[in-house]
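My notes follow the order in which I checked them.

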Amino acid sequence: MNFIKSFFISVFVLCGIILSFASCSAKKNCTPEFVKDMNLAWSDEFDGESDAPDPSNWAYKEGANGWGNGELQNYTSSRENSYVSKGTLKITAKKGEFQKWTSARLVTQGKQAFTYGYLEFKAKVPLQRGCWPCIWMLPENNAYGIWPRSGEIDIMESSMNVWQDKVYGTAHCYAGYGGNPVKSTGVTVKKLNKRWHVYAINWTPEGITWYIDGKVISEYRNPHNDEDGWMAWPFDQNFHIIMNVAMGGTLGGDIDPKIKECTMEVDYVRLYQ
């Protein structure tokens, strides 16, 4: 979700997998069995009394500079664009006067950052054309330099215009030649916008494994190659979480003129270590 999105350039060489993911209801446990042996290190269940996301966990990246991808929205901290109600977080892009879009980009930067663990999100993802929702991670301090040198982990990324009902999990780093993915896998998920699904990674010193609804969809292994070093594995430093809904841009594409808003709903975020 960073820079002039290299996904758009290399979309036809990415790996697409057709699997069936029905849903993760309240009665169905979609967390892998091995997580039982881990401790819950941090979470946000979005069930507080305030309609604002917990300020001890979340800050906002604001602005309308296109974010390196030609995006059209202006990110704000307004409750019009991000709020908590009925036990879930809503991140909503809205069309205002003169066809101007506002949205929200929530980050845990400076509040919650970590190295390694099993991280999962339960979410409903919008499917309107032109919406570009993403749950992802960037390094807290850019230990190896600015993007893509210090890496990026995309846990869930969606674009109806480009991928239809697929979601992608991706790793970016300097070894990807200009920021192109070193690993990117897309899977078809049923009723992204109407059913709850669990999107997760298990991040260890040996690699990053992506999950949807408790099933492995992809893995990027630490090559432990002295020649490449940090260029292939910058993922040994603290990263923070980002959740946003972008509009248009290199991957969002043309926005359906009929839509007035686009919402990603998140039930919880949980980190196990």
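**Confidence, then cysteines**

I am working from a predicted model. I looked up the confidence first: the mean pLDDT of the protein chain is 92, and 91% of its residues reach 70 or more.

Next I asked how many disulfides the structure holds. I found 1 disulfide. C131 and C262 form this disulfide, and I read 2.1 Å between their sulfur atoms. I checked where the two partners sit: C131 is in strand 11 (residues 131-139), while C262 belongs to strand 19 (residues 261-272). The pair is 131 residues apart and links distant parts of the chain.

Are C131 and C262 buried or exposed? I have both down as buried.

I went on to C134, which is in no disulfide. Its nearest cysteine sulfur is that of C262, and I noted the distance as 13 Å. I count C134 as buried because its relative accessibility is 0%, and the cut-off for buried is under 20%.

Last I looked up C173. I found C173 in no disulfide either. The nearest cysteine sulfur to C173 belongs to C134, 17 Å away.

For my summary, I wrote down C131 with C262 as a disulfide pair, C134 as in no disulfide, and C173 as in no disulfide.

Conventions: Residues are numbered from 1 along each chain as its sequence is written. This is a predicted model: local features need pLDDT of at least 70, side-chain atom pairs count only at pLDDT 80 or more; totals for chains, interfaces and linings use all residues. Side-chain values use heavy atoms; hydrogens and water are left out. A disulfide is a pair of cysteine sulfur atoms within 2.5 Å. Helices (H or I, at least four residues) and strands (E, at least two) are DSSP runs, numbered from the N terminus. Buried means under 20% relative accessible area, exposed over 50%, partly exposed in between (1.4 Å probe, protein chains only). pLDDT is the predictor's confidence in each residue, from 0 to 100.
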